[in-house]
Amino acid sequence: MKYLAAILIVLTTLFSCDKKSEQTPVVKKIVKPKADNSDFGFNYADFNVVQDTVKKGDTFGTIIQKQNIGDRKVHEIVQSVKDTFDVRVIRPNKAYTMLRSKNKTNKLEVFIYQPDALNYYIFDFRDSAIVAYKKTRPITIRKKTIGGVLKGSLSETLDKSGVDAGLASQITKIYSWTIDFFKLKKGDRFGILFTERYINDSIYNGVHELQGMFFEYKGKINYAFPFVKEGSSGKIEFYDEDGKTLKNFFLKTPIKFSRISSRFSANRFHPVQKRWKAHKGTDYAAPTGTPITTTASGVVEQTGYTAGNGNYVKVKHNSTYSTQYLHMSKILVRRGQRVTQGQVIGKVGSTGLATGPHVCYRFWKNGVQVDALKLNLPTGEPMTGNNKTKYLQNIEPLKRALDSIGNL
Ligand SMILES: [Zn+2]
């Protein structure tokens, strides 16, 4: 038990981009520097420092107007900074800092507006000509490794490990075809390699890049690594350790040997009803009793009988796709059952509105029926040539790092 408890680790890796970062604690909010520090390129010891946030109803004009900056008119200031800063973009709850002169005039010398943690604008009133400029704080990228054994639900475990909710949902999406995250069990192992952005080396600014991961699921280690294939549109896709995509492809047809007897169409003459109506499926004619297979893995969402559909089965593959199979002579699965691609779920028949034995194959995308033959679904072609060589080279050190978490 003690051993198990020790396994859940959160470690900032030793090969961090910046040596100092190993000791720096993770701070997930913007920290206002103390007045004896320096920031924005100014030594706070040289000024009276006032830090505040924009209040509702404040404008750049109203904030500046209240300051003792001599006889300069707000209008004149707005005009002179307009090339750098549109004063209308000042928003409530954003931070600003005022640096006042230390002498008895306490005059505003520098005004700094921070629209976000990364960027800031400086308005320097010290010279007769106002100087305004925008700056971006330096970003440090740090590698992070988390992993161990699931101690509760996945989200609880990731949360305890300090993983961004955004990263957790990205991970769920990447594995949506391969892992049912609700079925992960206590004791299943996982590992995630990613990088984080830090502003000024100390302020957490979000996840930079997911580099690789694995989840143990039903006794199998499922790896995922990002890669942009040469000649692709530049989109990052995730692949397993052999370069196979993590997406589950649809089989072209739900029956092995068949011919298409009727295509998806907005308007066709219905052979039984003798009238024109939409046909939102593809019909494959085959002898009664021919096995019908699910074209992708998933969970049986519905089974049943209606006068039109006859005996039918609907399978949900993920949050986007479902498929439906009609006119069966026999249903071989039940609702809630998990089915794998190619599994026989029923037999061809002519129940419901049908002139002869066939399966009407219906394809649902985001709840809408679409033509399966026209869908631009990902191709199952394995990675080859240069792509594969480069990919395997890329993942080699990442996989080694992940395996070392797994072996703890
Ligand atoms: Zn049909």
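Predicted model: local features only at pLDDT ≥ 70, side-chain atom pairs only at ≥ 80, totals over all residues.
**Before you start**

Residues are numbered from 1 along each chain as its sequence is written. Local features need pLDDT of at least 70, side-chain atom pairs count only at pLDDT 80 or more, and totals for chains, interfaces and linings use all residues, while side-chain values use heavy atoms, with hydrogens and water left out.

**Stop 1**

Select residues 95-100. This is strand 5. Strands (E, at least two residues) and helices (H or I, at least four) are DSSP runs, numbered from the N terminus. Five of the six residues in strand 5 are buried. Buried means under 20% relative accessible area, exposed means over 50%, and partly exposed lies in between (1.4 Å probe, protein chains only).

Two strands count as paired if DSSP finds at least two bridges between them. Pick out Q51 and T97: they are bridge partners.

Next, show residues 108-114, strand 6. Strand 6 also pairs with strand 5, antiparallel and over six bridges. Here Y96 stands opposite Y113.

**Stop 2: the zinc ion**

Select the zinc ion, then H279, D283 and C360. These are its protein donors, through NE2, OD and SG respectively, at 2.0 to 2.2 Å. Donors are N, O and S atoms within 2.8 Å of the metal (3.2 Å for Na, K and Ca). Water is not among the atoms, so the site may look incomplete. Along the chain, the donor spacing reads H-x3-D-x76-C.

**Stop 3: D58**

Move to the loop between strand 4 and helix 2 (60-65), and select D58. D58 has a relative accessible area of 17%, so it counts as buried. D58 touches both, leaving aside residues up to four places away in sequence. Contact means heavy atoms within 4.5 Å. Then select R91, 33 residues from D58 along the chain. Their C-alpha atoms are separated by 8.2 Å.

**Stop 4: the loop with N200 and D201**

Finish between strand 10 (189-199) and strand 11 (203-217), where N200 sits in the loop. D201 is in the loop between these strands too. Check the backbone angles. N200 is not a glycine, yet its phi is positive, about 50 degrees. D201 also has a positive phi, near 70 degrees, and is a residue other than glycine.

D201 is at 12%, so it counts as buried.
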